Amino acid sequence: MQTNRYSLFSLLWEACRGNTGWKPAWRKAEPSGPYDFIIVGGGGHGLATAYYLAKRYGGKRIAVVEKGWIGGGNVGRNTTIVRSNYLLPGNEPFYECSMKLWEGLEQDINYNAMVSQRGVLNLFHNDAQRAAYIRRGNSMILHGADAVLLDAEAVREKIPFLNFNDARFPIKGGLLQPRGGTVRHDAVAWGYARAADRLGVDIIENCEMTGLRIEQGRAVGIETTKGFIAAGKIGLACAGNSSRVAAMAGLRLPIESHVLQAFVSEGLKPFIDCVVTFGAGHFYISQSDKGGLVFGGDIDGYNSYAQRGNLPVIEDVCEGGMALMPRIGRVRLLRHWGGLMDMSMDGSPIIDHTPVDGLYLNAGWCYGGFKATPASGLCFAHLLARDEPHPVATAYRLDRFARGAVIDEKGMGAQPNLH
Amino acid sequence: MRLTCPSCGSRGLEEFTYRGDASVRRPAADASEQAWVDYVYLRDNPCGRHQELWYHGAGCRSWLVVTRDTRTHEIFDVRNARDVALTERQTDAGQGEIA
């Protein structure tokens, strides 16, 4: 007998019989089309889409094709932060939906994803920024999220070792989202893959999409390195490679691919118990359960498919860290890496039909895709199953650029490297 | 990554600012709305050779057209954007005479 479900009972049961009954978390599936749905891209978003399609929308015959291996892309390359502290009406309901799904995720998929609602604290350094954060906090509360404004004393009580009296950027307070926090990123990929597999989804690794077959204006299947796979509906969730895949359908997207670097230090005793972001530069930091400081900053700022960046941004990130938290100055960097960001022209994502019948697009996550994983999967599944947008994702239309209905959270205009 | 500026020689990346795809061209003022949407929002975003605009803000303040591989960050060519624009204008004018 094989053990299917993770629980205290199954743990004890397997411990008593030498751990001989555990099943692989997911089968090594090979293509066996035709499928009702094919999701191209086995990252967090693609796997979540397949899971919710099978679980909530009664989808049958679903496949996820992934060019590499599960957990090898951005879902294993991020800084694990989850939050729903957005301002704009098009964004906040979606991210709050995601936050609520995170809160119930582990029970839902029967997998320990180490969801840790340790709080996300965004610091402000002057009056104008304080006013902007109050507005943001009010917007969050109006959309059912949580937000608490802290003054400098309250921040000092929480994190006493910050650089409060910096001459240029004194810390005046912060906006705290107590329900925000971190989630173990690999476990999200593995957990969704396992849960989807248990519902019959074929997860086909090492299978790269090489072309799209269109007959009479309708997408009927994909060419892959493992041959042609027929499908009723095809969903693209390819993150940094979205433009390449969309080009197979003759589409140009409002997206540039950029590289974002992230960093982990050597392991230290616990001293940062929430996620902290610097308000006068771009720097965010948290401490993992292993003790490593996980931090990051800006994207490198030029088009890249290289999954590695350059030194000026590393220097800039470390300067941000030193300005905020001088005590980390002698901590050694253990490793750093880069991931491909699908930077959209307004900094917000796209979950929509494409002009090709039967072909759907989930892209433009910029460098905020991880926190969106559950809601992105749910909304994309909704769109694929029902052919209409999920109520919290109605603003994420592909034609919003032509209509002038952009969702520009940072107010930067059509320049992807500034979002 | 370093860029070889035609005026200043080989310089570190931190002296430059990136402005994106250099192959897009502003449409005529009376062009269709779709032409303007394409110009402002849509990009080829190639995986491979990419022509892009860089500004040498901490050097000679020239705008440059750089040809670079987005997979390897290898630089193939750096030219003054002014020269590229002038060449283009001459080519366009030449074509105009033929027409």
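What follows is a close look at one strand and its surroundings.

A: First, the ground rules. This is a predicted model, in which local features need pLDDT of at least 70 and side-chain atom pairs count only at pLDDT 80 or more, while totals for chains, interfaces and linings use all residues. Residues are numbered from 1 along each chain as its sequence is written, with chains lettered from A and ligands numbered from 1 in the order in which they are written.

Let's go for strand S14 of chain A, residues 283–287. (Strands are DSSP runs of E with at least two residues, helices are runs of H or I with at least four, and both are numbered from the N terminus.) Five of the five residues of S14(A) are buried, so the strand is largely enclosed by the rest of the structure. (Buried means 20 or more other C-beta atoms within 10 Å of a residue's own, with C-beta atoms placed from the backbone.) That goes for both faces: A:Phe283, A:Ile285 and A:Gln287 sit on one side, with A:Tyr284 and A:Ser286 on the other. In a regular strand, side chains alternate between the two faces of the sheet.

Now for the partners. (Strands pair if DSSP finds at least two bridges between them.) Strand S13 of chain A, residues 275–278, pairs with S14(A) in the antiparallel sense, over three bridges. Look for A:Thr277, which stands opposite A:Tyr284 of S14(A). S13(A) and S14(A) make up a hairpin, with four residues between them.

S15(A) is another partner: it runs antiparallel to S14(A) and is joined to it by four bridges. Here A:Ser286 is the one to find, facing A:Val294 in S15(A). S14(A) and S15(A) also form a hairpin with four residues between the strands, and A:Gly291 in that hairpin takes a positive phi near 105°.

Follow S15(A), residues 292–303, and you get to the side of chain A that touches chain B. Overall, 22 residues of chain A are in contact with 20 residues of chain B (contact means C-beta atoms, placed from the backbone, within 7 Å). S15(A) supplies at least two residues of chain A's side, and so does each of helix H7 (242–247), strand S12 (255–267) and helix H10 (400–403). By class, that side of chain A has 11 nonpolar, eight polar and three charged residues. (Ala, Val, Leu, Ile, Met, Phe, Trp, Tyr, Cys and Pro count as nonpolar, Asp, Glu, Lys and Arg as charged, and the others, Gly among them, as polar.)

Conventions: Two residues are in contact if their C-beta atoms, placed from the backbone, lie within 7 Å. A residue is buried if 20 or more other C-beta atoms lie within 10 Å of its own, exposed if 12 or fewer, and partly exposed in between; C-beta atoms are placed from the backbone.
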